[in-house]
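Work through the exercises below with the sequence and the 3D view open. Try each task before reading its solution.

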Amino acid sequence: MIQIEVVYALPNRQWEVNIEIEVGTSAEEAAGIARTSEPLLWVDDLKVVAYAIWGEEVPGEYELKDGDRLELLRPLPIDPMETRRRKAAAQKD
C-alpha cells in the first residue's frame with residue numbers, strides 16, 4: 001500500500017484528502033476513491049477534466065507512487081485566449 005494526497009481547488013476554496021491505495025493504482029482510479037472520501041464526498045460541483053502530479057499534467061492511466069500529490073484539475077471558466085482578446089480590446093478603448 002502507498003499513501004497519496006488528493007487535492008481539488010475552486011477559486012475560493014481547496015479540499016485535501018490523504019488516502020491509502022494499492023501499488024499500481026492509476027490517477028483516474030485514485031480520483032474515484034478520493035471522491036468517496038471526506039471531505040471530497042461533500043463537494044457538489046466536483047468536475048475533473050485532467051490530472052496533475054505536483055503541478056505536472058499526467059494522463060489518467062498514470063501509475064501513482066508513494067507520496068504523490070494528485071491534483072484534480074477542473075475546467076477553466078473561460079478560455080485563456082478569450083481573456084487575452086478581451087484585455088486587448090479593453091486597452092484599445
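Ala 31 sits in helix 1; helices (H or I, at least four residues) and strands (E, at least two) are DSSP runs, numbered from the N terminus. The model is predicted, so local features need pLDDT of at least 70 and side-chain atom pairs count only at pLDDT 80 or more, while totals for chains, interfaces and linings use all residues. Residues are numbered from 1 along each chain as its sequence is written, and side-chain values use heavy atoms, with hydrogens and water left out.

**Exercise 1.** Decide whether Ala 31 is buried or exposed, and list what Ala 31 touches.

Step 1. Apply the cut-offs: buried means under 20% relative accessible area, exposed over 50%, partly exposed in between (1.4 Å probe, protein chains only). Ala 31 has a relative accessible area of 2%, so Ala 31 is buried.

Step 2. Contact means heavy atoms within 4.5 Å. Not counting residues up to four places away in sequence, Ala 31 touches Tyr 51, Leu 70 and Leu 72.

**Exercise 2.** Find where the buried residues of helix 1 lie around its axis.

Step 1. In helix 1 (residues 27-35), the buried residues are Ala 27, Ala 30, Ala 31 and Ala 34.

Step 2. Viewed down the helix axis, these residues fall within an arc of 105 degrees, so they line one face of helix 1. The arc is that of the directions from the helix axis to the C-beta atoms.

Step 3. The buried residues of helix 1 pack against strand 1 (2-10), strand 2 (13-21), strand 3 and strand 5 (69-73).

**Exercise 3.** State how strand 5 pairs with strand 1 and with strand 3.

Step 1. Two strands pair if DSSP finds at least two bridges between them. Strand 1 and strand 5 run parallel and are joined by four bridges; Tyr 8 stands opposite Leu 72 in strand 5.

Step 2. Strand 3 and strand 5 pair in the antiparallel sense, over four bridges. Here Tyr 51 stands opposite Leu 72.

Step 3. Four of the five residues of strand 5 are buried.
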